[in-house]
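Hi,

Here is the structure I promised to send over. Have a look at it first, and then read on for what turned up in it.

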4 protein chains.
Amino acid sequence: MNFASDNTAGIAPEMLQAIIQANEGFALGYGNDAVTRRAEQRLAEFFDHEVAAFFIPTGTAANALALAHLCPPWGAVLCHAESHIVTDECGAPEFFGGGLRLVPLPGEAGKLSVATLEAAIKRYSGHRPHQSNAAVLSLTQVTEAGTLYRSAEIAALADVAHAHGLKVHVDGARFANALERLNTSPADLTWKAGVDAISFGATKAGAMGAEAVVFFEPPMTEFLGERRKRAGHLLSKHRFVAAQFEAFLTGDTWRRLARHGNAMAERLARGLTAAGYAPVWPVEANLVFALLPKALDARLKAAGATYYIRNSDFLPAGMQPADDQMLVRLVTSFATMDAEIDRFIALVANK
Amino acid sequence: MNFASDNTAGIAPEMLQAIIQANEGFALGYGNDAVTRRAEQRLAEFFDHEVAAFFIPTGTAANALALAHLCPPWGAVLCHAESHIVTDECGAPEFFGGGLRLVPLPGEAGKLSVATLEAAIKRYSGHRPHQSNAAVLSLTQVTEAGTLYRSAEIAALADVAHAHGLKVHVDGARFANALERLNTSPADLTWKAGVDAISFGATKAGAMGAEAVVFFEPPMTEFLGERRKRAGHLLSKHRFVAAQFEAFLTGDTWRRLARHGNAMAERLARGLTAAGYAPVWPVEANLVFALLPKALDARLKAAGATYYIRNSDFLPAGMQPADDQMLVRLVTSFATMDAEIDRFIALVANK
Amino acid sequence: MNFASDNTAGIAPEMLQAIIQANEGFALGYGNDAVTRRAEQRLAEFFDHEVAAFFIPTGTAANALALAHLCPPWGAVLCHAESHIVTDECGAPEFFGGGLRLVPLPGEAGKLSVATLEAAIKRYSGHRPHQSNAAVLSLTQVTEAGTLYRSAEIAALADVAHAHGLKVHVDGARFANALERLNTSPADLTWKAGVDAISFGATKAGAMGAEAVVFFEPPMTEFLGERRKRAGHLLSKHRFVAAQFEAFLTGDTWRRLARHGNAMAERLARGLTAAGYAPVWPVEANLVFALLPKALDARLKAAGATYYIRNSDFLPAGMQPADDQMLVRLVTSFATMDAEIDRFIALVANK
Amino acid sequence: MNFASDNTAGIAPEMLQAIIQANEGFALGYGNDAVTRRAEQRLAEFFDHEVAAFFIPTGTAANALALAHLCPPWGAVLCHAESHIVTDECGAPEFFGGGLRLVPLPGEAGKLSVATLEAAIKRYSGHRPHQSNAAVLSLTQVTEAGTLYRSAEIAALADVAHAHGLKVHVDGARFANALERLNTSPADLTWKAGVDAISFGATKAGAMGAEAVVFFEPPMTEFLGERRKRAGHLLSKHRFVAAQFEAFLTGDTWRRLARHGNAMAERLARGLTAAGYAPVWPVEANLVFALLPKALDARLKAAGATYYIRNSDFLPAGMQPADDQMLVRLVTSFATMDAEIDRFIALVANK
């Protein structure tokens, strides 16, 4: 009953196989190899657009590199207060970005609204050179609440951002899950909606460690190669990270892996609802949040279930946990088994 | 005839197998797993000393993390002018170190002498707060010239460094090659000789991407975990980088892999010498430098040989290449085949 | 009718005289002079405590140097959402602090409460190394709302901070105004209440440009001299900044200058209240905030009054300006004249 | 006998008077005042060119701001090994520049040659993204050896620099001394010779603390205001730093002050030469370097003379001091008195 994170799973067979296959013979290092060229090509096809792609091993680095490149040190990145860049990256964006500032904003179910964005832009514009001005909007897709932005929602936010000179970044650590669920095209969810750059993650989706910083206007990436290198993120045996991406985007691999994770979350949500613990937010991808009694939590843990307790600040005032409750986050993945879900739900149901 | 770098080789079978094996079941992310505990234990046994180890995917990051931790932003790192941190990391030490300074020093055959070190410490001490003061000595083992520091040489340098309050770091991207050749113990070449921290590389030795920042006084590493995280170098599926290290240090894997690379370099050196192109520096590990005629270089390249031309600044005044010569660097690895060497030498010999 | 800021005033005669006097003969640069020694001595007497003091020309630099020294790059500084370090320093703390994070907190009338602090510490502790942990509490005295922290309030906050390992910093750009009004001792308002370091400003109080970063535990300031130097804030003709401080702290200069500014603010507040525009917050120093009709604002501006409009986010929900109102900030100083106040009030009263 | 530095002098009467005069009435802070506008206008007239100017209190900050603006974090600044930015700024350029690199180059009498520059550019170009590429050439005028670059020399260096995409910066802490001596125009020594930006100093020339970062292509300075602000170098009572510059550039003030310092250095040089201690480098401005016997040094110090001993690395191999000698640096200024020189020379002559 492993629901701690999608990164507790190992490597999906397709991607492990790709690593093994890439291990044939010699290849120049640092991305000067055929596998890398093919992976870049796959990304361009996937997004149906010219791209400049930078493969690296972690999502934190992907976000930090993208933000540092989009936002000057004296600029501000507008983002959700519960976003990973705010809560879980130990200041990586500030470090990579020479002391840029993250501006945490509120938003229901992990999502920013146009009104909130407009107010924030108004607040963080002008008064130069005294105030860090808003320079980037960063959205998370799948959000930290397990919800999704639709194309039209992204477009509405991006329009406001662009109208004020901000660039738009997406933290897509679980982008495949979003895509699978929304049944729309990668293009629709990114550049067609106004996204300038995405941190596109394969790790949570099944890779060993493979993320791509993708820009849709390649000329914007001048010197991003230098940023990656001096951050120690240009892998010498680069073909192996590229190979994971190539496999991920070959055929329907990414979709199959994401579909399974999403389906497992739905199964979990159904079970919890039936047991009287309906998720606090719509379950739109592979994350399920529920308020559970502390006694039940103890029982689940005793039975071997793993998952994390989340800060209840995340919940609006009207949804705060009672004294004997806690907000738990359950994450499924390509590797989650039906039996895990069923055993968990059985434990829950047996109140 | 792949002599461009030891990172053009793929993954050694032992380490690939370790990755495959680590892919069983679920494990908590970020190093909270059993494989990581075992790899740490292996490192402690290897060095015969308590260690604090931080596994990461690249050598540039290993150096930059170690130096940033050992040297304050207003400090200076004394190092060889041709060291990798100076010539090949795009300012990573300065970036991680908040603007610290590298002081490039001369030295024959890639090695720093005690006299050079003493003069540099004298020069970069005092005159506070106007001058960046020397805070760290960084040595490269195997040096960029393919030569080695013996334990006694390291101890002599470290004694001077410590006497003036400097810490001692080793860039050990090819440490296994040094160790194999010197037939001494890891302890003798590090902490017993006064080394405070080493960037210990497995990648060039056969890993897919696995380096360890190792400190011999664990209390010195407070907040190094934060440094790693905010640099985006804490892998979520951490078990896979740890597994590579575990395999590397199990039995005589590291020694066998290094021995092959070293032996191939010797074979190459013998052939070059016989053909009248004796290496410019002692061949003590898996790097061979020779002055070759440009015509020969063209012929070798045409035949498919890959290798890099090195800046001749590296050579002392008396050894500068003639107009029709160039300094070439040939690197062997665990994956180099006898046949490659023999074919290369045949081409060379056929002047 | 100059109410834009206390920095629109010039240099108080006592401090200008000190500059002129310090211009006798030659003196070693960079603080190695007799005037600097005397100013340091004055500061120690003023605070009735051993101090380490660093004189610099701006308050932004004073805050940034102090915070960078107290907070590691991976740490967080807890502070009021409207504090100068958040709103008016263009990311100086982040820049000096290698990418540290400011955590803006709410608080009535510019002040942080113990409950808010406790909740923030709880939120920003643990989850290492993923989360930037709270490392410093920064208070502003006089607050940006023109209110004051009493000694006991500071002590209560500092106790909580220290109990969790945080250091306590005070942005004292208007510290003299606070001191004069509270009629307490500098010691009571700082180290006796648990303050570790204060940015003590003389500029707004009448200097040309003179601030002191003061630490009460001198051993804590190791390498702060290097921080100042590499930030370009070690003045070569240092005696002139020190001379301003010496004059400021000689006799009752600081108190007289502050008293005048405070008295002028009171006069302004009385007039506004009488005219039906009672200040929105207690007027405890030299800042007055009031909600004025836009028509009145236009009339005052037309008559030559200068002042700034403040972001109404600063006001609680229940105090938001009506559509035809705006929140204005009026600042008085040592140089404000009775006649300015009276003319302003006459304009206001003539509704 | 004050020859320690030109910053041991106080404030020249013209500039002190300007401060006093600027102290009339109120003025908006942060440079939004009439004095600042006039000082900017004076600078444009002085250089006979449109300029963007940023007034700040120290030369270290002027250099660091200019270099950080001209050079990306992954770039390198080519400069003389004995330049102030290398030896005396505690890493300020690296700090402001996000970890940029200074490349110290050799050069006779403090000057870089075209050949040295060409070789350095060749060495520090290409091999991207592994190597920090040369991005800026920084020259010091007056050099640290007290010598001068002629317009034609600057133009020759700048042509090489520009041809390879480098920008050209001048550290002009003693620019007035150079200008006075060369009897050429400010335009000839800067933009007409290819200089992109100059740190133009008034402090050593007689100001209390006033330097200007001057760019000749104003559009290049976008966001330099933000850099200055977040470095804490935007003075609130800005009119006082601007007033110093206005006075400096009004009439022939700068020339008179510089002429005196230069003449005093010549007088000193003549006396030393007559006594058998001819300066080691041409005395072209207000710096005199000589090799003095240690016994004489002791005698001079005992008699109250102040000056600094310089690192003899500065001297070429053939000019190294004998065991009983030391390299001393003597600096004159607008405030040096004939009598000081004469007394010093009398002591020297009395061997």
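**Helices on a sheet**

In chain B of this predicted model, helix H13 (residues 294-302) lies across E8 and E10, running at about 115 degrees to E8(B). Helix H12 (residues 253-274) of chain B also lies across E8 and E10 of chain B, but its angle to E8(B) is about 25 degrees.

What is the order of the strands in this sheet? The sheet is open, with three strands of chain B in the order E8-E10-E9, and the pairing is antiparallel. Strand E8 (287-293) and strand E9 (308-309) of chain B are at the edges with a single partner strand each, so one side of each has no neighbour in the sheet. Between E8(B) and strand E10 (residues 325-331) of chain B there are seven bridges.

Now for the two chains together.

How many residues are in contact? There are 38 in chain A, touching 38 in chain B. Elements giving two or more residues to chain A's side include helix H1 (13-22) and helix H10 (224-230) of chain A. That side divides into 18 nonpolar, 15 polar and five charged residues.

Enjoy exploring!

Terms used
Residues numbered from 1 in each chain as written. Chains lettered and ligands numbered in written order. Predicted model: local features only at pLDDT ≥ 70, side-chain atom pairs only at ≥ 80, totals over all residues. Contact = placed C-beta atoms within 7 Å. Helix = DSSP H or I, 4+ residues; strand = E, 2+ residues; numbered from the N terminus. Nonpolar A, V, L, I, M, F, W, Y, C, P; charged D, E, K, R; others polar. Pairing = 2+ DSSP bridges. Axes fitted to C-alpha atoms, helices over the stretch in contact; angles between N-to-C directions.
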